[in-house]
Amino acid sequence: MKTTSEILKKIPAFSTLSNENLEKIKDITLERNFRKGTIVFMEGDPGEAFYFIKSGKIKVFKTTADGRELIFAILGDGDVFAEVTLFNDMNYPASAEVLEDASIGMISNKALEDLVVKNSNIALGIIKVLSKKLFNSQQKVKELALGDTYMRTAQMIIKLSDEHGVSTEGGIELKLSISRQELANMIGTARETVSRALGQFKKEGSIDISGKKIIVKDINKLKDWIQ
């Protein structure tokens, strides 16, 4: 069984804190034993704390309107759950039930907030971690959006090649003079994003570009973007 300190160190929000500050977190941690079948909290209950498992297993689930159970996760030693309520005034978005007798650590959100108010070093450490997590999430969203734009750009070029393309020795030449902005408008995105997509397609050999002229050199590579 991992110690409370070992588990706290692995909780993302506390990962950069000093041992001294981790001890302060440990001081506000409550440990409780739960028997199999116990409901730790129900979906919709006030999100007053978050938890970590020292031993045992926990099931996190939602119940549908027609009574069906949707299991999100089966958690074990060292896992954290309900951390979404940390610094958020919200209800638990799912329920948690003990599958095997469990020893669980609980940190009250109110106790943690009081501790943070009194200890600027802890506050700064947590803020840095959460800010980095937010930045990484934003980057992932941007990457997904960019990937979607590449897919839509490839789809549009394939469509235009079908409708306005003429086979030549160099590939399928689009007999259509179209600017980057016009192509972006057709796709519903920014001109700069389309330019990046076209640059990537040209780099990989899918297309060639000369002014406003686009030549599809390898349509299969373009199709790879939409599969």
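1. Contacts along the chain. In this predicted model, 66% of the contacts in the protein chain with a separation of 6 or more are made by residues 24 or more positions apart. Several of the residues discussed below illustrate contacts of this kind or other local features.

2. Overall form. The protein chain contains seven helices and ten strands. Its radius of gyration is 27 Å, well over the 17 Å that the globule rule gives for 227 residues, so the chain is more spread out than a compact globule. The C-alpha trace spans about 75 × 45 × 30 Å along its principal axes.

3. Domains. The domain assignment divides the protein chain into domain 1, residues 4-143, and domain 2, residues 147-224. Between the C-alpha centres of domain 1 and domain 2 there are 47 Å.

4. Surface and charge. Of the 227 residues in the protein chain, 37% count as buried. The accessible surface comes to about 13,200 Å², and 52% of this surface belongs to carbon and sulfur atoms. The protein chain carries 33 positive and 31 negative charges, whose mean positions are 5 Å apart.

5. Glu48. This residue is placed in the loop between β2 (39-41) and β3 (49-63). Is Glu48 buried or exposed? With a relative accessible area of 55%, Glu48 is exposed, because the cut-off for that class is over 50%. Beyond its neighbours within four places in sequence, Glu48 is in contact with Tyr92, Ser108, Asn109 and Lys110. Leu86 stands 38 residues from Glu48 in sequence, while the C-alpha atoms of the two are 8.7 Å apart in space.

6. Ser55. Strand β3 holds Ser55. A relative accessible area of 18% makes Ser55 buried, since buried means under 20%. Which residues does Ser55 contact, leaving aside neighbours within four places in sequence? They are Met1, Asp77, Asp101, Ala102 and Ser103.

7. Ala82 and Phe87. Both residues call for attention in a check of the backbone. Ala82 is found in the loop between β5 (80-81) and β6 (95-108), and Phe87 also has its place in the loop between β5 and β6. Phi of Ala82 is near 70°, a positive value in a residue other than glycine. Phe87, likewise not a glycine, has a positive phi of about 60°. As to accessibility, Ala82 is buried at a relative accessible area of 13%, whereas Phe87 is partly exposed at 31%.

8. Thr149. Helix α4, residues 120-164, includes Thr149. The relative accessibility of Thr149 is 4%, and Thr149 therefore counts as buried, the limit being under 20%. Not counting residues up to four places away in sequence, Thr149 touches Thr189 and Thr193.

9. Ala154. Where is Ala154 found? Ala154 is in helix α4. The relative accessible area of Ala154 is 0%, so Ala154 is buried. Apart from residues up to four places away in sequence, Ala154 touches Phe201, Leu222, Trp225 and Ile226. Ala154 and Val194 are separated by 40 residues in sequence and by 10.0 Å in space, C-alpha to C-alpha.

How values were computed
Residues numbered from 1 in each chain as written. Predicted model: local features only at pLDDT ≥ 70, side-chain atom pairs only at ≥ 80, totals over all residues. Heavy atoms only, no water. Domains from an automatic or database assignment. Helix = DSSP H or I, 4+ residues; strand = E, 2+ residues; numbered from the N terminus. Buried < 20%, exposed > 50% of the residue type's maximum accessible area, 1.4 Å probe, protein only. Contact = heavy atoms within 4.5 Å. Rg over C-alpha atoms; globule rule 2.2 N^0.38 Å. Areas by Shrake-Rupley, 256 points an atom, 1.4 Å probe, with all protein chains shown as cover. Lys, Arg positive; Asp, Glu negative; His and termini not counted. Charge placed at Lys NZ, Arg CZ, Asp CG, Glu CD.
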